[in-house]
Amino acid sequence: MIRALTALRASELPESAAIADHVTLDYEQRFIRRKGLTTDGGDRLLADLAQTISLNDGDALQLEDGRLVGVRAAAEPLLRVTGADLARLAWHVGNRHTPCQIMPDHLLIRQDKVIAAMLAHLGARLDPLIAPFIPEGGAYGHGRTQAHDHGHTLHDGAPHSHAPGSGHHHDHDHSHDHTHAHPHDHDHSHDH
């Protein structure tokens, strides 16, 4: 099995780059470091990257022999979200750390009953569809919107957080208690 050791962003590919084959992967499958893949042409390869990366539609994996395998976003079950106040709906989606593809007149999210119920409660119209999912890449362009640690612990006491798209959803408050002790060096004795 041939290995892919490097991932290249679409913007890094030369215009003359020859793509030998493609892998078509859904959103979860495009989050990889070490994973066996089957190309659209039926060849097997092992992605063996130095670090975990979120591949985007149009990116490529470079094989050991120099060939390039292009990445395509697979069609998957999504919800098309529309509503009178799209910015407000987008805020609520983002507040739940839910990956979201933002279009001028609608949002696309992966099908999720909890998020769908919240959006419907907020007055959104939700239409199911099957399409490639290419969500926003987070604050720094590429990658994923990462959930932060919510203070959960495993049985061994080590903290953990939930991977994006893991199906674990819960409401949480982003306010944090910041009480501080203040020393009181006041002299409370009284002279009479």
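Colleague: What should I know about the model before reading it?

Modeller: The model is predicted, so local features need pLDDT of at least 70 and side-chain atom pairs count only at pLDDT 80 or more, while totals for chains, interfaces and linings use all residues. Residues are numbered from 1 along each chain as its sequence is written, and side-chain values use heavy atoms, with hydrogens and water left out.

Colleague: Which residues of helix 2 are buried?

Modeller: Buried means under 20% relative accessible area, exposed over 50% and partly exposed in between, with a 1.4 Å probe and protein chains only; helices (H or I, at least four residues) and strands (E, at least two) are DSSP runs, numbered from the N terminus. In helix 2, residues 113-121, the buried ones are Ile-115, Ala-116, Met-118 and Leu-119. Because they cover an arc of only 160° around the axis, taken from the directions from the axis to the C-beta atoms, they lie on the same side of helix 2. The face turned away from that buried side carries the exposed Lys-113, Val-114 and His-121.

Colleague: Which residues have the most contacts inside the largest nonpolar core?

Modeller: A nonpolar core is a set of buried Ala, Val, Leu, Ile, Met, Phe, Trp, Tyr and Cys residues joined through side-chain atoms within 4.5 Å. The largest has 14 residues, and those with the most contacts inside it are Val-23, Ile-32, Leu-37, Leu-45, Leu-55 and Leu-61. Its largest share, 4 residues, comes from strand 4. Apart from this core lies another, of 13 residues, including Ile-115 and Ala-116.
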